[in-house]
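Morning, everyone. Please have the model up on your screens. I'll take a few spots in turn.

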Amino acid sequence: MANKNIRSLSFRKELDDNLFENITDLSHKNASKSEFQELAKRFMIDDSVVAATASFYDFTRESNRNKKIHVCSGTACMVANTQNSLYKNLENHFDPEEIGHAACVGRCHTNNAFMYNDNTYSANNENELGSIIDNKKYQENNYNIGCNTTPILTAEIEDITAFYQLAEVHKNNPKQVIQEIKTSNLRGRGGAGFPFWFKLDAVISAPLNNLSKESQKYIVCNADEGDPGAYSDMYLMEHQPHKVLFGMYMAGLTVGANTGILYIRGEYPDSIRIVGEAISALKEKKLIGDFKFKIIRGQGSYVCGEETALLSSIEGLRPEVRVRPPYPAQYGLFGKPTVLSNVETFANIHWILQNGGEAYAALGTKQSTGTKLVSLDSFFNSPGIYEIEMGTPLKTIFDEFGKGLKSDIKAFQIGGPLGGIVPSDKIKDLTLDFESLNSNGFLLGHASVVSIPKDFPMIQFLEHLLEFTADESCGKCYPCRIGSFRGMEMLQKAQKEGYKIDHQLFEDLLETLEIGSLCALGGGIPLPVKNALQYFKEELKQYFT
Ligand SMILES: Cc1cc2nc3c(=O)[nH]c(=O)nc-3n(C[C@H](O)[C@H](O)[C@H](O)COP(=O)(O)O)c2cc1C
Ligand code: SF4
């Protein structure tokens with residue numbers, strides 16, 4: 001109850017004078033303690049609430065906020081082994097204390113990635129680095145783009161005005177919109193594969209709770225794309241922003257919400273700029289009536305991709321995962337009914353309404369319809385973003401689009417840190433859909449592919465996964481808060497001190513994480529670890545009793 005009261009106080013100004021943005025601004029200008037206290041007073045909340053938020057994020061916490069440059073600490077750069085040499089080169093230009101880190105910046109196709117002056121870059125050598133730092137040379141984030149079927153997400157939009165006209169056709173018919181989306185069987189692309197129509201339906205019928213004096217509802221786009229190795233949402237925001245914005249606008253017209261919020265990760269500065277420009281163009285052309293869009297810039301946190309943590313983040317609270325129910329559709333942003341979905345999910349809506357749900361359902365498999373964007377990393381000869389019809393064999397994608405691999409790869413991490421570790425020889429048995437990966441003990445997730453080279457020690461990869469979980473844990477439940485650290489320590493000691501991990505103890509730890517965690521961060525991390533223990537038994541056995 002107390003928690004609810006504190007939350008509702010911070011709701012007072014909602015988006016117009018947003019608490020999270022106020023805290024972010026103060027952190028970035030290194031405000032004094034009394035300025036933070038003043039803010040807490042103005043929002044009628046305790047200082048500790050503001051301090052808890054400011055200390056949570058990569059870009060607002062004191063230890064990392066004043067860095068001049070942030071090196072990508074993502075999995076793809078780690079396995080490509082580019083981080084150490086980049087750090088070394090950067091020391092020719094910066095003092096070590098000026099160099100910080102950022103989680104994946106979406107340059108998994110080239111690596112050597114970093115954030116500088118509100119842009120992201122890749123510098124393969126000292127020369128390239130020099131031209132970026134000394135000559136301020138801007139570098140476009142270029143990668144291959146392709147499609148093996150009817151292009152839904154990758155087709156160019158020829159005329160924006162005509163594109164938005166479709167909303168006029170459907171705006172007074174929410175039932176039909178929901179029916180088309182139901183027929184299409186569009187499932188959420190953020191990882192869990194939840195049917196999208198159900199969220200629209202739930203928000204339409206959500207009772208307005210005490211806090212909803214008026215009938216405010218929200219549409220929230222989860223553009224936090226935290227999975228290292230994934231850059232498909234980044235592609236959509238930077239190359240197809242109107243597909244995403246249209247989907248949100250149409251969702252708003254359908255459920256009766258007049259505001260859409262895009263929570264975009266701070267590590268994607270170009271996405272923030274490009275989506276902002278697309279919103280301005282819509283206003284200028286008067287294509288969305290009085291519907292409002294707002295961008296909230298994430299401040300560096302993986303767990304903020306979890307939907308309830310994301311809502312707390314926008315509200316300016318420490319982004320701890322919330323117990324569900326209530327679901328965002330019932331009690332969402334600022335306590336209001338909220339449709340919260342992934343970038344790619346929203347980006348499908350226009351095509352479905354234009355071509356009909358049946359046409360969409362005719363693509364892919366019965367349960368996994370449509371297409372999916374796949375992100376391939378720099379170990380592929382042709383890395384990039386590919387729109388692939390669901391049900392396509394992974395081997396076809398790797399061979400025909402990735403054009404094979406540059407070096408010997410023993411496994412692929414598919415679907416981010418909570419996705420599976422798929423040994424190379426299993427790829428031929430899998431197709432790109434939720435069911436194929438699930439039934440083989442893996443996950444589709446957001447369909448990012450990070451290659452693990454033959455000579456990269458699997459124990460080190462597992463340490464990285466547990467370290468990532470420990471770093472990103474919101475701390476709400478103890479299996480994840482404590483278990484991820486204990487797991488990481490065991491894996492570190494096993495490599496450095498000749499310590500043998502007790503097999504039973506490690507399995508108990510994984511089981512506790514799996515069944516005792518509140519969200520899929522703690523609950524999902526055992527999956528890849530178990531995959532590795534199963535498929536790389538020989539390599540790992542020296543570290544266990
Ligand atoms: C730790 C964690 C991180 C997540 N990160 C993301 C993310 O970056 N983007 C995303 O869309 N969903 C993410 N999700 C899933 C969201 O909680 C949610 O299921 C999703 O945004 C719903 O949208 P969809 O139905 O369109 O998939 C994450 C979940 C967890 C547990
Ligand atoms: S599993 Fe981890 S991230 Fe999820 S609620 Fe528990 S502590 Fe937070």
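Helices here are DSSP runs of H or I with at least four residues, strands are runs of E with at least two, and both are numbered from the N terminus. Contact means heavy atoms within 4.5 Å.

Ground rules, quickly. This is a predicted model: local features need pLDDT of at least 70, side-chain atom pairs count only at pLDDT 80 or more, and totals for chains, interfaces and linings use all residues. Residues are numbered from 1 along each chain as its sequence is written, chains are lettered from A and ligands numbered from 1 in the order in which they are written, and side-chain values use heavy atoms, with hydrogens and water left out.

Back to α15, residues 307–314. Eight of its eight residues are buried, so the helix is largely enclosed by the rest of the structure. Buried means under 20% relative accessible area, exposed means over 50%, and partly exposed is in between, with a 1.4 Å probe and protein chains only. The buried set runs Glu307, Thr308, Ala309, Leu310, Leu311, Ser312, Ser313 and Ile314. Just after the helix, Gly316 takes a positive phi of about 85°.

Next, Asn342. Buried or exposed? Asn342 counts as buried, at 9% relative accessibility. Leaving out residues up to four places away in sequence, Asn342 touches Arg189, Gly190, Cys221, Asn222, Asp233 and His446. A polar atom of the Asn342 side chain lies 2.9 Å from the backbone nitrogen of Glu344.

Now Glu180, in helix α10, residues 174–184. Glu180 counts as partly exposed, at 22% relative accessibility. What does Glu180 touch, beyond residues up to four places away in sequence? Ile352, Leu353, Gly356 and Gly357. A polar atom of the Glu180 side chain lies 2.7 Å from the backbone nitrogen of Gly357. Glu180 and Ile349 are 169 residues apart in sequence, yet 9.6 Å apart in space, C-alpha to C-alpha.

Last stop, ligand 2. Of the 13 residues around it, Cys474, Cys477, Cys480, Cys519 and Gly522 come nearest. Being near takes a heavy atom within 4 Å. The shell around ligand 2 divides into eight nonpolar residues, four polar and one charged. In that scheme Ala, Val, Leu, Ile, Met, Phe, Trp, Tyr, Cys and Pro are nonpolar, Asp, Glu, Lys and Arg are charged, and the others, Gly among them, are polar.

How values were computed: A polar contact is a pair of N or O atoms within 3.5 Å; within protein, one must be able to donate a hydrogen and the other to accept it, and residues adjacent in sequence count only if both atoms are side-chain atoms.
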